Protein chains: 2
Amino acid sequence: MSLLDATHDPALRSWVTSANTPDTDFPVQNLPFGRFRRKGEGQQDTLRVGVAIGDQVLDLRLAAELCPWSNEVAPLLDPLAAGDLAAFMRLGRPAWRAVRAALSAALTADSEQGPFLESCLVPQADVQMAMPCEIGDYTDFYTSIHHATTVGKMFRPDNPLLPNYTWVPIGYHGRSSSIGVSGQLLRRPMGQVKLIDAAEPVLRASSRLDYELELGALMAHGNELGSRIGMDKAEDHIFGLVLFNDWSARDIQPWEYQPLGPFLSKNFGSTVSPWVVTLDALAPFRQPFVRAEGQPQPLPYLDSAHNREAGAISIELEVWLQTQKMQKAQHPGDRLAGSNYASAAYWTLAQLVAHHTVNGCNLRTGDLLGTGTLSGPEPGQGGSMLELGHGGRQALTLSSGELRSFIEDGDTVILRGHCMAEGARRIGFGECRGTVLPALT
Amino acid sequence: MSLLDATHDPALRSWVTSANTPDTDFPVQNLPFGRFRRKGEGQQDTLRVGVAIGDQVLDLRLAAELCPWSNEVAPLLDPLAAGDLAAFMRLGRPAWRAVRAALSAALTADSEQGPFLESCLVPQADVQMAMPCEIGDYTDFYTSIHHATTVGKMFRPDNPLLPNYTWVPIGYHGRSSSIGVSGQLLRRPMGQVKLIDAAEPVLRASSRLDYELELGALMAHGNELGSRIGMDKAEDHIFGLVLFNDWSARDIQPWEYQPLGPFLSKNFGSTVSPWVVTLDALAPFRQPFVRAEGQPQPLPYLDSAHNREAGAISIELEVWLQTQKMQKAQHPGDRLAGSNYASAAYWTLAQLVAHHTVNGCNLRTGDLLGTGTLSGPEPGQGGSMLELGHGGRQALTLSSGELRSFIEDGDTVILRGHCMAEGARRIGFGECRGTVLPALT
């Protein structure tokens with residue numbers, strides 16, 4: 001099956017007029033899925049599944065009920081109508097494509113279904129987004145060779161990149177329970193910090209709080225324990241991507257992380273964007289995956305023709321910072337950095353899945369695979385304050401006149417992402433926002 | 001409330017005669033909880049909750065229905081009757097104690113409830129045990145200073161124990177999806193291995209497969225993200241303990257683990273024993289927690305009077321190995337090693353909980369905290385083959401004449417644990433068994 005289908009026709013316009021503006025993240029070519037509550041609904045109400053279209057959400061519980069659908073599509077909408085995005089993810093790519101094509105047709109200008117769907121729209125401003133599904137296990141990788149090299153230099157100036165890096169998609173298990181959705185309020189973590197000159201560590205609030213600019217892949221369905229997912233099937237197991245902020249406490253991390261890896265420096269919170277952009281929507285932005293001169297070719301279990309031809313995805317990523325002072329002045333914040341997923345990542349999504357399961361480890365629906373900090377090769381493309389501020393040695397001056405070496409209380413970090421390509425409509429990821437609250441001391 | 005109550009009277013005998021033999025793991029003083037299926041029940045049937053008593057299981061679905069209970073206890077049995085052990089765990093210690101006291105009285109010789117409960121017993125040989133609950137996040141600690149020192153010596157002869165060890169309860173996040181219950185069949189993992197003399201790594205089946213002798217603590221209820229659990233409340237959040245085998249591939253581990261910790265060398269499978277021994281049942285085996293001469297006192301957030309007085313628990317642990325050859329000869333296996341939890345662990349359970357949440361990380365019902373490999377200070381007390389076989393340099397000769405440096409295909413590893421103390425009945429943990437299948441190459 002071709003990567004592209006009719007849903008990618010850049011000429012398609014929607015009867016939802018806000019979906020037709022050139023800068024919207026959510027034209028009819030995107031149709032990302034998310035879960036939400038309507039105003040007035042509480043924790044006791046079942047979450048609803050919707051797709052984002054322009055500045056609206058199409059409520060799929062209502063859409064399944066009020067609009068006529070083909071006999072093929074109607075049963076596929078059942079889990080979505082029930083608010084169970086995970087159950088829909090389990091149905092697999094043919095089902096996702098059928099629903100995507102049906103929603104695309106129904107939302108396209110002059111669709112006969114338009115009049116039925118008008119009452120199923122709710123403004124995005126009027127909904128509260130939730131986690132797209134329950135996360136089972138969360139794994140974070142380390143796919144940006146630029147991030148690994150820059151951070152490695154800080155710890156090991158003579159030997160920045162460890163010898164395994166170019167062979168192994170390095171990853172580790174993170175904390176599922178503390179993953180929240182955009183809008184998350186995070187307490188600054190307390191932790192053991194050992195200053196270089198001190199004889200003993202102390203417990204104190206982190207003073208080197210940082211974000212990490214990442215993407216997260218949501219697993220649609222997994223594999224049985226003891227089996228593995230090969231490169232040729234790996235992408236079929238991924239439902240889509242979200243923006244992902246892997247908050248990090250840089251002063252807790254160096255003292256605790258040997259020999260078993262980061263723990264309390266990471267697990268106090270991570271934030272995802274609410275809209276899952278499907279791999280199908282990302283098809284026009286595929287790129288060849290190539291190894292630079294001098295880098296080893298991947299071992300056969302991490303290699304495939306499809307991966308070489310189209311394993312990478314061009315996604316422009318940005319980090320914005322809005323301080324409390326800016327917020328009070330209704331200033332949208334400063335853009336701190338930007339990078340591109342295709343040039344940042346040394347390993348593709350398919351390689352992460354194939355590596356994760358090569359030992360028989362079982363993935364499950366709703367598992368989240370983080371890419372790791374997606375820093376680009378150039379200055380200004382660092383995906384963390386650690387990189388932009390050279391480990392705290394060089395504070396950034398913001399447009400408000402404020403200085404930042406790390407994240408301060410009241411700061412809001414905003415991740416954004418979008419895709420552009422010749423002959424395709426721009427599509428975007430929306431926002432992943434998180435705000436830091438003072439520590440509880 | 002005192003640690004001990006009437007359920008610990010060592011003179012108590014049960015009308016279930018097999019519970020009165022001196023070597024049973026499950027006298028009426030123990031009453032561990034587990035989930036099971038009866039013979040003939042399949043995956044589609046709701047799991048049942050039971051307590052182990054002698055060589056029987058008391059089926060709590062039947063017991064709630066067929067036996068009269070006090071007005072206080074009857075509603076507390078509802079989640080147990082429904083097969084939802086996690087919901088019971090969420091009720092908290094007063095509820096657990098009330099149910100424990102009621103079950104103890106009903107199972108004690110001459111109880112008037114005995115005749116009602118006789119038909120609620122099913123032989124352990126006739127049930128299939130399941131996971132006690134769904135594991136949310138699984139964290140593995142590294143609490144044995146003896147294990148950390150011995151393993152550290154293999155990697156860093158001059159500097160075996162890293163400087164953070166005596167201050168930080170070192171831990172990392174492990175894989176929840178691949179945790180299975182005793183009886184688990186595990187495929188030998190494939191993985192990238194880089195031999196010392198080789199220029200490049202290769203993908204191959206692990207040839208240094210190992211077990212790790214651990215205990216696991218099941219969290220009863222957690223904390224909100226951003227809050228923390230102090231030392232004084234920490235034990236109230238723990239429902240009980242299981243035996244835990246953290247299978248490890250020693251040839252995959254050294255190549256992959258820098259800088260983010262173990263990943264594919266661990267996440268192909270871990271095994272728990274099915275019966276959760278409550279902290280209440282372990283009360284008679286409490287011991288003072290003391291730091292040896294020269295070791296720093298814990299930071300205040302890891303210290304409490306109760307912890308100093310009774311933070312440790314004396315549990316005798318053993319590892320047995322049964323090869324295929326032994327199995328065919330109906331030989332029960334060789335005892336490879338033994339250690340005691342109290343002398344192996346440098347950090348107590350309460351300290352693990354307090355440390356895990358000091359940064360605001362949220363624990364949830366069903367989370368599993370592994371202690372890490374519980375090696376003792378003496379030779380023969382190593383909790384892994386890596387230690388017993390000196391990193392593969394000194395094979396063990398088994399009673400069958402077979403040699404073992406690591407675990408071979410067809411081998412079954414069996415963990416056992418029990419507690420003994422003056423004036424208390426012996427209680428045990430049952431078994432945690434796992435068998436290794438050949439790799440899928």
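The model is a predicted one. Between them, chain B and chain A bury about 5,400 Å², and four salt bridges are counted between the two chains.

**The interface overall**

- Chain B brings 56 residues to the contact, and chain A brings 56 residues as well.
- Of the area buried between the two chains, 61% lies on carbon and sulfur atoms.
- On chain B, the trio to look for is B:Arg175, B:Leu260 and B:Phe263, which supply 14% of the area that chain B buries against chain A, more than any other three residues.

- Several elements of chain B each supply at least two residues to the side touching chain A, among them β6 (138-141), β10 (190-193) and α12 (349-357).
- The most comes from β7(B), with three residues.
- By type, the residues on this side of chain B are 29 nonpolar, 19 polar and eight charged.

**A sheet in chain A**

- Five strands of chain A make an open sheet with mixed pairing, in the order β9-β26-β25-β20-β21.
- At its edges sit β9 (184-187) and β21 (334-340) of chain A, each pairing on one side only.
- From one strand to the next, the twist averages 20°.
- Strand β20 (residues 316-322) of chain A runs antiparallel to β21(A), and six bridges join them.
- In this part of the sheet, A:Glu316 stands opposite A:Asn340 of β21(A).

Conventions. Residues numbered from 1 in each chain as written. Chains lettered and ligands numbered in written order. Predicted model: local features only at pLDDT ≥ 70, side-chain atom pairs only at ≥ 80, totals over all residues. Heavy atoms only, no water. Contact = heavy atoms within 4.5 Å. Buried area = accessible area lost by both parts, 1.4 Å probe. Salt bridge = Lys/Arg side-chain N within 4 Å of Asp/Glu carboxyl O. Helix = DSSP H or I, 4+ residues; strand = E, 2+ residues; numbered from the N terminus. Nonpolar A, V, L, I, M, F, W, Y, C, P; charged D, E, K, R; others polar. Pairing = 2+ DSSP bridges. Axes fitted to C-alpha atoms, helices over the stretch in contact; angles between N-to-C directions.
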